[in-house]
Amino acid sequence: MLERHIRLNATEDVKEFVNEATKCDFDIDISYNRIIIDAKSLLGILSMDLTRELTVRCYGESQRFNEVMAKFAVA
């Protein structure tokens, strides 16, 4: 399992993130506090508080998705 912290600042960021997540054949969860959403759900992610740092947990590996996560990674 890979875990990273990201920040999605705009609706376009969310769309890009979800688009790449849906191409993965493994589960990806995105969360903050106790709220956990399937990362392949556009409406689910848009319903989250995007001002917060989000935790992404991947249960598989994809080079392209790793690149997208690196783009939104929090230092």
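Against which strands and helices do the buried residues of H1 pack? The points below work towards the answer and then turn to the charged side chains.

1. The model discussed here is predicted, so local features need pLDDT of at least 70 and side-chain atom pairs count only at pLDDT 80 or more, while totals for chains, interfaces and linings use all residues. Residues are numbered from 1 along each chain as its sequence is written, and side-chain values use heavy atoms, with hydrogens and water left out.

2. Helix H1 runs over residues 11-22, and its 12 residues should span 16 Å at 1.5 Å a residue, which agrees with the 16 Å between its end C-alpha atoms. The expected span is 1.5 Å times one less than the number of residues. Helices (H or I, at least four residues) and strands (E, at least two) are DSSP runs, numbered from the N terminus.

3. Within H1, the buried residues are Asp13, Val14, Phe17, Val18, Glu20 and Ala21. They lie on the same side of H1, because they cover an arc of only 165° around the axis. Here, buried means under 20% relative accessible area, exposed means over 50%, and partly exposed lies in between (1.4 Å probe, protein chains only); the arc is that of the directions from the helix axis to the C-beta atoms.

4. To return to the opening question, the buried residues of H1 pack against strand E1 (2-6), strand E2 (28-32), H2, strand E4 (54-58) and helix H3 (63-72). Contact means heavy atoms within 4.5 Å.

5. In helix H3, the buried residues are Phe65, Asn66, Val68, Met69 and Phe72. Seen down the axis, these buried residues fall within an arc of 160°, so they line one face of the helix. On the other side of H3, Gln63 and Lys71 are exposed, and the cover over the buried residues of H3 includes E1, H1, E2 and E4.

6. Which side chain meets that of Glu20 in a salt bridge? The partner is Arg64, at 3.7 Å from N to O, and the pair links distant parts of the chain, with Glu20 in helix H1 and Arg64 in helix H3, 44 residues apart. A salt bridge is a side-chain nitrogen of Lys or Arg within 4 Å of a carboxyl oxygen of Asp or Glu. Glu20 is buried, with a relative accessible area of 8%, whereas Arg64 counts as partly exposed at 40% relative accessibility. Leaving aside neighbours within four places in sequence, Glu20 is in contact with Arg64, Phe65 and Val68.

7. Arg64 also meets Glu67 in a salt bridge, at 3.4 Å from N to O. Because Arg64 and Glu67 are 3 residues apart in helix H3, they are separated by about one helical turn, and Glu67 is partly exposed at 41% relative accessibility. A network of salt bridges links Glu20, Lys23, Arg64 and Glu67.

8. The structure holds 7 salt bridges. Another one of them joins Arg52 and Asp49, whose closest N and O atoms are 3.3 Å apart; Arg52 is partly exposed at 35%, and Asp49 is partly exposed at 27% relative accessibility.

9. Finally, Leu42, Leu43 and Leu46 form a nonpolar patch on the surface, with about 270 Å² of accessible area together. Leu46 sits in helix H2 (residues 42-46) and is partly exposed, with a relative accessible area of 34%. Patches are made of residues with over 30% relative accessible area and no salt bridge, with like charges joined within 9 Å and nonpolar side chains (Val, Leu, Ile, Met, Phe, Trp, Tyr) within 5 Å. Accessible areas come from the Shrake-Rupley method with a 1.4 Å probe, and for residues only the protein chains shown count as cover.
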